[in-house]
Amino acid sequence: MKNNQILFILFISLGMISYAQETEEEVDPAIEVIAADACECLVDIKLDAAKKKRYNSINDCIETASNTFQMTEGIKNTLGIGKDSTITNDIIIEKNKYKREVQSALLERCPKMKLLMSSDEVESEVSISEKKKAVEFYEQGMDFYVKEDYKNAIKSYKKAVRKDKNFAFAWDNLGLSYRKDGQFKKAVEAYDKSIELDPTGAVPLMNKPIAFLMDGKLQEAILAYQDYIRVFPNDAEGYYGISRVYIETKEFEKALDNILNAFVKYNAVNSPYARDAEHVIQVVYNNLKENDMLSIWDQYLKKYDITVGE
C-alpha cells in the first residue's frame, strides 16, 4: 500500500493566511544545482507518454540528479576539496534526499516540467480539423500564445473556428487565450463550445472552473469542478481545484475532504503536485484551528489512511 504520509509543520499565520507556494523562501544552492541538472534530463521525456509514466520519468530524473550531486559532494569531502568540506572516508547517498524541494523548484522554474505536467489533452474525433486553413490559423494562434501575445492568439483561433466550427482544440485554446487576456466570460463561452463537441474534453472541463474562479464566481466554479470530477473521478486535479474554492467559500470540511482525496491520488502516481496538495492541507488545517473545527481533522485523516509526520 502506498504510504500516504504528510510531512507537515504546523503553523499559524498572523493575519491573512496565504498559500505556502506563494511565499518567497531562500533557496538552498544544492536545490538549484540538482534542479538545473534534472531539468536538462526532462528534455528526453515524451509529452504524449501516459501520465503515470511521465511522473515516474520525472522522478527518475530527480533521483539521478540528486544522486550525482551527492556523489560529487561526497568525493569532494573525501579529498578535502572546498572551503566548507570535512574530510570523511565514506560517501553516503540518501535516496529521495532533496526530492520534494527539487520538485517544487522544477514546477516553478523549468519550462519542460510545466509542459509535462500540463500535457493531458487527449484527441477525440473532433479534436483536430481536417481543413487545412483552419489548422494553419490554429498553428498561428499557438505561436502567438507561446509568445504571450494573447490578443493575436485570440484573432488566429477565432479564424480557425470560423473555418471549422467543430475544431475542439481551437475552441480550447481560444478559451485559454481569452482567460490569459482577462476575458473570463468569453473564455467560459469558448470552453462550452468545446464541451458541446466533446463532453469528455479534459482541457475545457478543467479550465472552465478556473475562469469562473478568476472572475470571482465561486459557486459557478464549484459546479464546474463537480462536472470535471463526474467525468474524471480518478483524477486528482478536480479535487485539488475544488478544495481551493471551498477554502474561499469557508466550507473548510469540504475543503479538507477534497484536498486529502487529491493528495492520496497524487501520491499514488508519484505526482510532483503532491507537494502542492500538502501546502493546501496546511492552509485548511490552519483554518480549521482558527474556527474551532479541529475535531474533524483525525476523522478525515483516518478516512484516507493518511499519517502526519511532523
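Is Cys 61 buried or exposed? In this predicted model, Cys 61 is buried, with a relative accessible area of 5%. Let's start with its bonding partner and go on from there.

## Disulfides

The chain has 2 disulfides. One of them joins Cys 41 to Cys 61, with an S to S distance of 2.0 Å. Cys 41 sits in helix H1 and Cys 61 in helix H2, so this bond ties together parts that are 20 residues apart in sequence. The torsion about the S-S bond of Cys 41 and Cys 61 is about -65°, so this disulfide is left-handed. While Cys 61 is buried, Cys 41 is partly exposed, at a relative accessible area of 31%.

Another disulfide joins Cys 39 to Cys 110, with 2.1 Å from S to S. The torsion about the S-S bond of Cys 39 and Cys 110 is about 85°, so the disulfide is right-handed. This pair links distant parts of the chain, 71 residues apart: Cys 39 belongs to helix H1 (residues 29-41), and Cys 110 to the loop between helix H3 (99-109) and helix H4 (111-118). Cys 110 is buried, with a relative accessible area of 2%. If you number the bonded cysteines of the chain in sequence order, the pairing reads 1-4, 2-3.

Helix H2 covers residues 51-79, and Asn 59 is part of it. How accessible is Asn 59? Its relative accessible area is 9%, so Asn 59 counts as buried, since the cut-off for buried is under 20%. Leaving aside residues up to four places away in sequence, Asn 59 touches Lys 99, Gln 103 and Asn 270.

## Aromatic pairs

How many aromatic pairs does the structure hold? There are 7. In one of them, the ring centres of Tyr 145 and Tyr 150 are 5.4 Å apart and the planes meet at 65°, so the pair is edge-to-face; the cut-off for that label is over 60 degrees. Tyr 145 is partly exposed, with a relative accessible area of 24%, whereas Tyr 150 is buried, at 15%.

Tyr 228 and Phe 232 also form an aromatic pair, this one tilted, with 4.9 Å from centre to centre and 35° between the planes. Here Tyr 228 is buried, with a relative accessible area of 3%, and Phe 232 is partly exposed, with 24% relative accessibility. Elsewhere, ring pairs link Tyr 138, Tyr 157 and Phe 167 into a cluster.

Technical notes
Residues are numbered from 1 along each chain as its sequence is written. This is a predicted model: local features need pLDDT of at least 70, side-chain atom pairs count only at pLDDT 80 or more; totals for chains, interfaces and linings use all residues. Side-chain values use heavy atoms; hydrogens and water are left out. Rings of Phe, Tyr and Trp (its six-membered ring) pair if their centres lie within 6.5 Å; planes under 30 degrees apart count as stacked, over 60 as edge-to-face and the rest as tilted. Buried means under 20% relative accessible area, exposed over 50%, partly exposed in between (1.4 Å probe, protein chains only). Helices (H or I, at least four residues) and strands (E, at least two) are DSSP runs, numbered from the N terminus. Contact means heavy atoms within 4.5 Å. A disulfide is a pair of cysteine sulfur atoms within 2.5 Å.
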